[in-house]
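Keep the structure open while reading.

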Amino acid sequence: YIGTQDDEQFGKVIDELLAGPIEAQANAYYTMAEYYVLTKEQDKAMVQFAEAIKLQPNKGLYWGAFAQFLNRHEGSPYLALRLIEEAIQLDGMNPRWHFIQGNIFLQLVAATKNLSYLPALEEAWERAEKRCSTKQITLKMDLVKSNDMLRQWKKQML
């Protein structure tokens with residue numbers, strides 16, 4: 001229901017999830033977080049991501065989505081790194097988490113000018129590439145673009 005104009009139906013679905021078991025409640029908070037991301041209400045999204053994690057801390061999706069949110073909205077890269085490390089711990093075969101981890105390292109390099117993050121960045125993207133399935137075409141293309149951009153950046157800066 002996210003992205004539709006049917007707010008009433010969306011509200012009913014959320015209410016049903018919140019009345020359900022812990023897993024459903026966590027899913028409700030995650031869904032609300034995604035909704036707030038779309039409506040550009042970052043503070044509300046952060047609260048909802050945190051609630052989803054609090055209710056179901058063993059679900060890598062919630063940790064990874066929160067880390068991606070912080071990375072995209074220039075939140076604390078150190079918090080984002082901590083969150084993505086937890087997602088990787090819970091779901092290490094998911095290539096998206098490794099790609100996001102590399103993106104966070106890139107944000108740290110850009111913010112701090114500390115080039116010591118570069119090996120970790122490259123290693124994270126390499127792990128992401130190795131874990132991609134044949135169906136993950138968009139992620140593979142994002143990895144190619146990111147690596148090309150990094151190579152060009154390194155030629156200019158180093």
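**From one leucine to the core**

Setting aside neighbours within four places in sequence, leucine 83 is in contact with Ile53, Trp63, Phe66, Ala67 and Leu70. The model is predicted.

Leu83 also has a place in the largest nonpolar core, which has 43 residues. The residues with the most contacts inside this core are Leu83, Phe49, Phe66, Ile84, Ile104 and Leu143. The elements that give two or more residues to the core are helix H1 (7-18), helix H2 (22-38), helix H3 (42-55), helix H4 (60-72), helix H5 (77-90), H6, H7 and H8.

Phe49 and Phe66 turn up again among the aromatic residues. Together with Tyr30, Tyr62 and Phe69 they form one aromatic cluster. Over the whole structure, a search finds eight aromatic pairs.

Helix H6 covers residues 95-112, 18 residues in total. From first C-alpha to last it reaches 26 Å, close to the 26 Å expected at 1.5 Å a residue. Just after H6, lysine 113 takes a positive phi of about 60°. H6 is mostly covered, with 13 of its 18 residues buried.

Histidine 98 is found in helix H6. Is histidine 98 buried or exposed? Its relative accessibility is 2%, so histidine 98 counts as buried, the cut-off for buried being under 20%. Apart from neighbours within four places in sequence, histidine 98 is in contact with Ile88, Gly92, Ala124, Trp125, Arg127, Ala128 and Arg131.

Helix H8 comes next. H8 runs over residues 137-157, has 21 residues and reaches 30 Å from its first C-alpha to its last, close to the 30 Å expected at 1.5 Å a residue. Which residues of H8 are buried? They include Leu139, Leu143, Ser146, Asn147 and Leu150. These cover an arc of only 100° around the axis, and therefore lie on the same side of H8. The general rule is that an α-helix has 3.6 residues a turn, so residues three or four places apart point the same way.

What do the buried residues of H8 pack against? Their partners are H6 and helix H7 (118-131). The face of H8 turned away from the buried side carries the exposed residues Ile137, Thr138, Lys145, Gln152, Lys155 and Gln156. Leu143, one of the buried residues of H8, is also among those with the most contacts inside the largest nonpolar core.

Notes: Residues are numbered from 1 along each chain as its sequence is written. This is a predicted model: local features need pLDDT of at least 70, side-chain atom pairs count only at pLDDT 80 or more; totals for chains, interfaces and linings use all residues. Side-chain values use heavy atoms; hydrogens and water are left out. Helices (H or I, at least four residues) and strands (E, at least two) are DSSP runs, numbered from the N terminus. The expected span of a helix is 1.5 Å times one less than its number of residues. Buried means under 20% relative accessible area, exposed over 50%, partly exposed in between (1.4 Å probe, protein chains only). Rings of Phe, Tyr and Trp (its six-membered ring) pair if their centres lie within 6.5 Å; planes under 30 degrees apart count as stacked, over 60 as edge-to-face and the rest as tilted. The arc is that of the directions from the helix axis to the C-beta atoms. Contact means heavy atoms within 4.5 Å. A nonpolar core is a set of buried Ala, Val, Leu, Ile, Met, Phe, Trp, Tyr and Cys residues joined through side-chain atoms within 4.5 Å.
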